[in-house]
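Hi everyone, thanks for coming. Please have a look at the picture on the screen, and then I'll walk you through it.

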Amino acid sequence: MSARDLPASVREVMSLVLGVPEQSLIDGASPATLPEWDSFRHLLMVLAIEETFGIRFGVEEMEAMASVRNIVETVRLRMAPA
Amino acid sequence: MRASNSIQADTFLVSPARPPQLVEGQQVSISQLITPRLIDAIADATGDFNPVHLEQQDALEAGYSRPVAHGLALLGLVSRIIGWELPGPGSVWLDHHTEFLNPVYAGDEVTVTARIASISHATRIVTLDLEGRNGQEVAVMRGRAKVRAPFASLRPFPGDVA
């Protein structure tokens, strides 16, 4: 997967778990702007991202995932070569 | 002989075999005799009086040699493992997918095994692979469950402050 594909792939996973169209997952979308994004779905979404991309997050990383932009950036950092 | 199909009150007086911390690959198996009494109890508890579970003639007409236990008999054992042993008390069952591969009859002793396939420390969600076998070692169920584990059962994630 190229770096350019990453945001789209993350949005696809989020869309499936949250049950919202990918177009609604703009950079600034967050639990405050999407009623479907509740704490339960947040857990399942983070788990789905971990499983899809073969990565594991720490608790602090998950707590920082407060918007689509934050999530894409966190995944990008995890996927970056060490 | 004490019936092994019912969850006896004294079962709850014994501390569960609960490991202090969970690791991938860890597994727990429990066995239970499926009795007509258990099948009746499930019918009473759920309101599922489908005669294929309760009546010999209906089971025969449906193509079975005798009444077939409810799938809940197996899922109940999964619930017992999750809530009492792996991950144990404090766990919350979030999701599962199961296939019932072969019928379970009264008189079968079934064994259900749950094995930790993966652990997500960030979400505290433990994914369990599930398998059920009858006394002849025939697979009767397989599946996967996601469970939120109690905080104390997980090791700190590398990089997190303990």
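**Where the two chains meet**

Chain A and chain B bury about 1,200 Å² between them, and carbon and sulfur atoms give 63% of that area. On the side of chain A, the residues that lose the most area to chain B are A:Leu43, A:Leu47 and A:Arg56, which together make up 40% of what that side buries. Before I go on, please keep in mind that this is a predicted model.

How many residues are in contact across the two chains? There are 14 from chain A and 14 from chain B. By the rule for salt bridges, this interface has 1. You can find it between the side chains of B:Lys146 and A:Glu51, at 3.1 Å from N to O. As for polar contacts, 3 residue pairs count between chain A and chain B, with both residues at pLDDT 80 or more.

Which elements of chain A give two or more residues to the side that touches chain B? They are helix H2, residues 39-53, and helix H3, residues 59-64. H2(A) provides the largest share, with 7 residues. Sorted by class, that side of chain A has 8 nonpolar, 5 charged and 1 polar residues.

**Inside the chains**

Now let's move to the cores. The largest nonpolar core has 31 residues, and the ones touching the most other members are B:Leu22, B:Ile34, B:Leu128 and B:Met141. Several elements of chain B give two or more residues to this core, among them strand S1 (27-33), helix H1 (36-46) and strand S5 (139-148). The largest share, 7 residues, comes from H4(B).

Let's zoom in on B:Met141. Leaving out residues up to four places away in sequence, B:Met141 touches a list of residues including B:Leu74, B:Val78, B:Phe100, B:Val112 and B:Leu130. There is also a second, separate core of 28 residues, and among its members are A:Leu6, A:Leu18, A:Phe53 and A:Ile71.

My last stop is B:Arg133, in strand S4 of chain B. Is B:Arg133 buried or partly exposed? B:Arg133 counts as partly exposed, because its relative accessibility is 26%. Setting aside neighbours within four places in sequence, B:Arg133 is in contact with B:Glu109, B:Val110, B:Thr111, B:Val138, B:Ala139 and B:Val140. The side chain of B:Arg133 also makes a polar contact of 3.3 Å with the side chain of B:Glu131. Finally, B:Thr113 is 20 residues from B:Arg133 along the chain, and their C-alpha atoms are separated by 8.6 Å.

Key. Residues numbered from 1 in each chain as written. Chains lettered and ligands numbered in written order. Predicted model: local features only at pLDDT ≥ 70, side-chain atom pairs only at ≥ 80, totals over all residues. Heavy atoms only, no water. Contact = heavy atoms within 4.5 Å. Buried area = accessible area lost by both parts, 1.4 Å probe. Salt bridge = Lys/Arg side-chain N within 4 Å of Asp/Glu carboxyl O. Polar contact = N/O pair within 3.5 Å; in protein donor to acceptor, adjacent residues only side chain to side chain. Helix = DSSP H or I, 4+ residues; strand = E, 2+ residues; numbered from the N terminus. Nonpolar A, V, L, I, M, F, W, Y, C, P; charged D, E, K, R; others polar. Core = buried A, V, L, I, M, F, W, Y, C linked by side-chain atoms within 4.5 Å. Buried < 20%, exposed > 50% of the residue type's maximum accessible area, 1.4 Å probe, protein only.
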